[in-house]
Amino acid sequence: MVAAAAASFRACVLALGLVACSEVPQKNEDQNDPTPSLVEQVQAVAGSWRITSETDALTDREIASAAQYIIADDFDFLVRVTCSDSGALRYSFTSFDKGGAPAEMQSKFYPSSTYVRGGVFVPYFLRLDSASSQRILGTAPRYNNEVEFSSNPEGVLPSKIDAYQVASADRIVARFQLTEGEETIQLSQSDAGFQGVVQPCRDARNQILADKQQQAEEEAVAISERNEEIRRGNELRTQGYGGRQSADNPNSAIVTESATEENSEPIEE
């Protein structure tokens, strides 16, 4: 596929020593390649999930993708959810104005604190089903009109958001602060096609968690058995030590193998 058929291209501007980049949707103008861009494809079915699958050229991993174009009041959003056959799950939200140009999200520098390592973040809010909303600090965005978060099945979270938990919600609400305004979008995830994309990643995560739980239980049993062996060994050593004392002390109440019936005196009643 030629470059003109790509979903977007990266536009960067150098100002005051800083580079600002945006993800710009690019239309397919190559008459010899009728393949529409991803943005064009999802725009054609705005409000619905478009399901695709591809093989990563570098890793040969299969990646399933669900994409939806959301037409909101003042801005539009491209939402992408990808699931790799490794179990890694990724969400991204990309904002555009009504003319299709990148709509920059507000970013802010936060100094280091007990809870946050200092840096430039994109703050936004996320709500899952009927739960309380969470304030998220999007870290190190690739583009100034995009936020993303991802999780892998080993439990290591590049961000503080658990993508598996997000994918388990039937509905999510996200609110973004943009330099030209504010927008709130709602996204339904109960669609069978969407669930078919994220379910393998959830299964991979659940299997790893189950394996870790089983391993922890087996280790706990092994530790318990080892502690029991140590306890019994200490008990036997204590009895052996007490037996030697009773042989030296006729008044001892402990009876050992050294105290035979022949050497024992009858007890007078």
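Reader: What makes the pairing of Glu146 and Thr94 side chains a polar contact?

Author: The two side chains come to 3.0 Å, and a polar contact is a pair of N or O atoms within 3.5 Å, where within protein one must be able to donate a hydrogen and the other to accept it, and residues adjacent in sequence count only if both atoms are side-chain atoms. This is a predicted model, so local features need pLDDT of at least 70 and side-chain atom pairs pLDDT 80 or more, while totals for chains, interfaces and linings use all residues. Side-chain values use heavy atoms, without hydrogens and water, and numbering runs from 1 along each chain as its sequence is written.

Reader: Why is Glu146 called buried?

Author: Its relative accessibility is 2%, and buried means under 20% relative accessible area (exposed is over 50%, partly exposed in between; 1.4 Å probe, protein chains only). So Glu146 counts as buried.

Reader: How do you know that Cys83 and Cys201 form a disulfide?

Author: Their S to S distance is 2.0 Å, and the cut-off for a pair of cysteine sulfur atoms is within 2.5 Å, so the pair passes. A search of the whole structure finds 1 disulfide. Cys83 sits in strand β5 and Cys201 in helix α3, 118 residues apart (helices are DSSP runs of H or I, at least four residues, and strands of E, at least two, numbered from the N terminus).

Reader: What makes the link right-handed, and are its ends buried or exposed?

Author: The angle about the S-S bond is 110°, and the link is right-handed. Cys83 has a relative accessible area of 3% and Cys201 has 0%, so both are buried.
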